[in-house]
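Okay, thanks for coming, everyone. I'd like to walk you through a two-chain model today, so let's get it up on the screen.

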Amino acid sequence: MELLYFGSKGWGDELLTAFLMTIAVSITAMFIGILFSIIFTPLKLSKNKILNFISNFYTTVIRGVPELLVIYLLFFGGSGAVMFVASMFGYNEYIEINAFITGSFAIGIISGAYSTEVFRGAIQSIDRGQFEACKALGFKKIIYFFKVIIPQMLRLAIPNLSNVWQITLKDTSLISVTGLVEIMRQSYIAAGSTRDPLFFYSFAALLYLILTFVSMKILNKLENKYSRGF
Amino acid sequence: MDLDLMINSFPKLLSATVTTLRLLSLSLVFGLIIGLIFAVMRLSKNRLVNNFSYGFSYVFRGTPLLVQIFIIYFGLGQIEYLRSTILWTILKEPYWCAIIAFSLNTGAYTSEILRSAFQTIKPGFIEAGKSLGISSKIIFYKIQIPIAIKQSLPAYGNEIILMLKGTSLASTVTLMDLTGVAKYIISTTFKPVEVFIVAGGIYLFLTFIIHNFIKLAEKKMGTN
């Protein structure tokens, strides 16, 4: 237990910071993912073949390729891509991207592909009659979308979205390869310097279990809230 | 776009695919056995057996695969006692450590898939078997298992694809699988996009084959 002391003696405070870092990355990534799915879900449902193809390409590629490969692509290619864009605006200096941004972006892209599928499924399983009723009542498109479709969609999407959250949470362990100090990276550092990998990795596993357990409890509450009346 | 690099790296990546496929197939075989054992335990009426199986699948589904590999590869070697047993010949190899971690992980997910498949079998089928005087062993092997397999095929197909992606983590314990070789080429040439296209293409191709294979199996078995 001495290994978990706070201060310079143990790894308690470092692990706590890493724990918070994992939460921060997961939330940022989930948020980026939802932004992506807000862009790609309408494309997926659109009648335009080209738009359809773009979003199908995105979800198929990201869901069919290992997360680690996507992370390596962004880790090694991210700053190059940003510098390329910057050079078009006449900025030619070296730009280094923060590991937090690369990491949450990589996990966000992955989580976005899963959320897009969730939202698509949810919208498609809303009864057609709901859309027709709105049109028959002459609602404006914006109103019927926000007042009729979205609330119903959320009820159907939240159980699956909480699965996406669990996947995202566990995927954040992979960005330890980029050097971002989250739970996995910190355990790796601690295990290396104390030569006690069994303890630190088991402790990391425990931290992840706590995270998944607590978030499941919270999400179940949310699920109940949104399925009131059903 | 560096076409030469893409063409040159293709054979290297393709030979690494063999490692990936070997890891995948071995873990799936062991995982299926583990999953079946834990699914049956989960259905048992003994509280202790039941809870043990629930705990196993909860822990393995609630923690990242990376942690599981690291515990097995880096962690278990620390136990002095293990080093003296015959198990050590297996546990010192990163290859087998990866397979153990993958098998346990996919076993946990498979056990959940099979459990829900067993639970959705209509009790009428089992009762019909009983009333015909068929022994419960035969009911299990000839009625429950075939129906469960049929019902769990779509979910199991997803699990195979997830596991294919999971094998990429073998590269973190020094194994040169498809992702490992891809990372090596990226870090020596600094051409991430080209390598990503080739390696990603191979993964997508494998996913495509698995997907269609499962679809074919579903059709053959006449699901629905």
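Let's start where the chains meet: 28 residues of chain A are in contact with 29 residues of chain B, and by contact I mean C-beta atoms, placed from the backbone, within 7 Å. On the chain A side, the elements that give two or more residues are α2 (49-64), α3 (67-88), α7 (183-194) and α8 (197-226). The largest share, ten residues, comes from α8(A). Elements here are DSSP runs numbered from the N terminus, with helices being H or I of at least four residues and strands being E of at least two.

What is that side of chain A made of? It divides into 20 nonpolar, five polar and three charged residues. For the classes, Ala, Val, Leu, Ile, Met, Phe, Trp, Tyr, Cys and Pro count as nonpolar, Asp, Glu, Lys and Arg as charged, and the others, Gly among them, as polar.

A quick word on what you're looking at: this is a predicted model, where local features need pLDDT of at least 70, side-chain atom pairs count only at pLDDT 80 or more, and totals for chains, interfaces and linings use all residues. Residues are numbered from 1 along each chain as its sequence is written, while chains are lettered from A and ligands numbered from 1 in the order in which they are written.

How does the confidence look? The mean pLDDT of chain A is 89, with 97% of its residues at 70 or more; pLDDT is the predictor's confidence in each residue, from 0 to 100.

Now chain B. It has ten helices and zero strands, and its C-alpha trace spans about 70 × 50 × 25 Å along the principal axes. Of its 224 residues, 38% are buried, meaning 20 or more other C-beta atoms lie within 10 Å of the residue's own; exposed is 12 or fewer, and partly exposed is in between, again with C-beta atoms placed from the backbone.

Take helix α2 of chain B, residues 47-62. Its 16 residues reach 22 Å from first C-alpha to last, close to the 22 Å expected at 1.5 Å a residue, where the expected span is 1.5 Å times one less than the number of residues. B:Ser53, B:Ser57 and B:Phe60 are buried in α2(B). They cover an arc of only 70° around the axis, so they sit on the same side of the helix; that arc is taken from the directions from the helix axis to the C-beta atoms. What covers them includes α1 (3-43), α3 (65-75) and α6 (94-119) of chain B. Turned away from the buried side are the exposed B:Arg47, B:Leu48 and B:Gly55.

Next, B:Gly31, which lies in helix α1 of chain B. It counts as buried because 25 other C-beta atoms are within 10 Å. Leaving aside neighbours within four places in sequence, B:Gly31 contacts B:Ser103, B:Thr106, B:Gly107 and B:Thr110.

Last one, A:Arg120, in helix α4 (residues 99-124) of chain A. Is this arginine buried or exposed? Buried, because it has 21 C-beta neighbours inside 10 Å. Not counting residues up to four places away in sequence, A:Arg120 touches A:Thr41, A:Lys44 and A:Leu45.

Definitions and conventions: Two residues are in contact if their C-beta atoms, placed from the backbone, lie within 7 Å.
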